Amino acid sequence: MSESRYSIAVLPGDGIGHEVMSPAIEVVDLVAEGLGFSMSWEEYPWSCAYYHEHGSMMPADGIDTLRKHDAILLGAVGDPSLPDHLSLWGLLIPIRRAFNQYINLRPAVLLPGIASPLRDTSRGIDILVVRENSEGEYSEVGGRVNPGTEHELAVQEAIFSRRGTTRVIEYAVALATERKKEVVSATKSNGIIHSMTFWDEVFGDVMAKHPDVSGRLMHVDALAARFVSHPHELDVVVGSNLFGDILTDIGAAIVGSMGMAPSANLNPEGEFPSMFEPVHGSAPDIAGRGIANPIGQIWSAAMMLDHLGEREAHDLIMRSIRSVLADSDVRTPDLGGTATTTEMTAAVLASVRAHRTQERS
Ligand code: GGG
C-alpha cells in the first residue's frame, strides 16, 4: 500500500507566526517519518508585509491556490503598521468563509506541570469551546452615516441564520455526546433581544432532538465569570463568533498562557481544506526575540493531523508535549521560564523520539 502524502499550505503570517511555524513543521515531519506518512509543505508569504508590497493580504487567486491543498497551517496575522481589521478581513476571514469553515474548535486544557493563574485547579480544566465561525457579529453589513460630523453614527449588523446557528449547535452536541453529555450555550438574550433570543430558540430546538444531552443557557457575562470561578464544571461550550472568541482568550489565560492554546477552523464536510492556527496573535511585543511559546502552534498542527485521519500522530505529539511539561522545567517566558523557542522545540522533538523508542521496545 502506498504511503499517504499530505499537501499543506503554510501561512506563517506576521510576527511570532514565523517563529512558531518551523517548530510545528519539524515536529510533524519527525512524527510522520515514524508513522509511515509524509508531508509536502508549501509556504505562502501572505501577511501585512505582503500587503505593504502588493496592496492586499493575499493575491486575487489566493483562495484558488489554497483550495488544492489538504489543509492550511496558519501562524498569526497582524502588525501595528496596518489596522487589524484590514489584516483580519484580508486573509483569515476570507479563508474561513470561502472554505465554509463554520466551526472553530478551541480546546482549553490545563496540561500537567503548567501553572494556572487560578488559585485552585485541583479538579482540572478541560473545556472545549465550539465557536461559530462564519457569521454572527463578524459581519460586513452596516456602515457609517454623516461621517466626520457631530451627527456621525455607525451601524454594525450581526447575522444569525437558522442554518448557521443550527449546525454549530448540532456540532457541539455531537461532541458532547462523546464527552460528558453536557453543553452550555453562551447567550445574552436579556440585552440582545432579537439575535440572541433567536439563538436560544434554535438551541432549544436542537436540544429537544437530543434528550440524552443536557443543555444549559448562560449569559455570556456570567459564563465568563464561570470560566474563572468554576472552570472544572464546564465541558462543551458553544457560542457565537464574538462570544466564542472572547471566551477562548479567557480559556487560554486560565490554562496558563495564550501561547498554549490551539484551534481548528473546520469545514466538517471536507469539501474544502480546513485551517489550523494557534489562538494567539502575532505578538509584536516579543516578535524577533526567539522566545515565543511554540506549543499552541504544535498543538494546532496535531489537530490538523487528527483531522487528516492521523490520530496516532496526534496522540504521539500530545503525549510528547505532556511529558515535556510534566517531567522537565523547560518553559518559555510566558510560562515563567527562560527557555527559547528553539529550546522548547528541541525538548518536544526529544520527547517524541523518547516515546517512540519506549513504545517500540
Ligand atoms: N493565529 C491567530 C491570529 O492570527 N489571530 C488574529 C485575529 O485577530 N483573530 C481573530 C479571530 O480569530 O477571529
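**View 1. The centres of domain 1 and domain 2 sit 25 Å apart, taken over C-alpha atoms.** In this predicted model, local features need pLDDT of at least 70 and side-chain atom pairs count only at pLDDT 80 or more, while totals for chains, interfaces and linings use all residues. Residues are numbered from 1 along each chain as its sequence is written, and side-chain values use heavy atoms, with hydrogens and water left out. Domain 1 covers 1-102 + 258-361, and domain 2 covers 116-255; such bounds come from an automatic or database domain assignment.

View 2. On the domain 1 side, α4 (84-98) and β11 (264-266) each supply at least two residues. Helices (H or I, at least four residues) and strands (E, at least two) are DSSP runs, numbered from the N terminus. The top contributor to that side is α4, with five residues.

**View 3. F160 and W199 make an edge-to-face aromatic pair.** Their rings are 6.1 Å apart centre to centre, with 90° between the planes. Rings of Phe, Tyr and Trp (its six-membered ring) pair if their centres lie within 6.5 Å, and planes over 60 degrees apart count as edge-to-face. F160 lies in the loop between β7 (153-156) and α5 (162-178) and W199 in helix α6 (residues 195-208), so this pair ties together parts 39 residues apart in sequence.

Note on methods:
Rings of Phe, Tyr and Trp (its six-membered ring) pair if their centres lie within 6.5 Å; planes under 30 degrees apart count as stacked, over 60 as edge-to-face and the rest as tilted.
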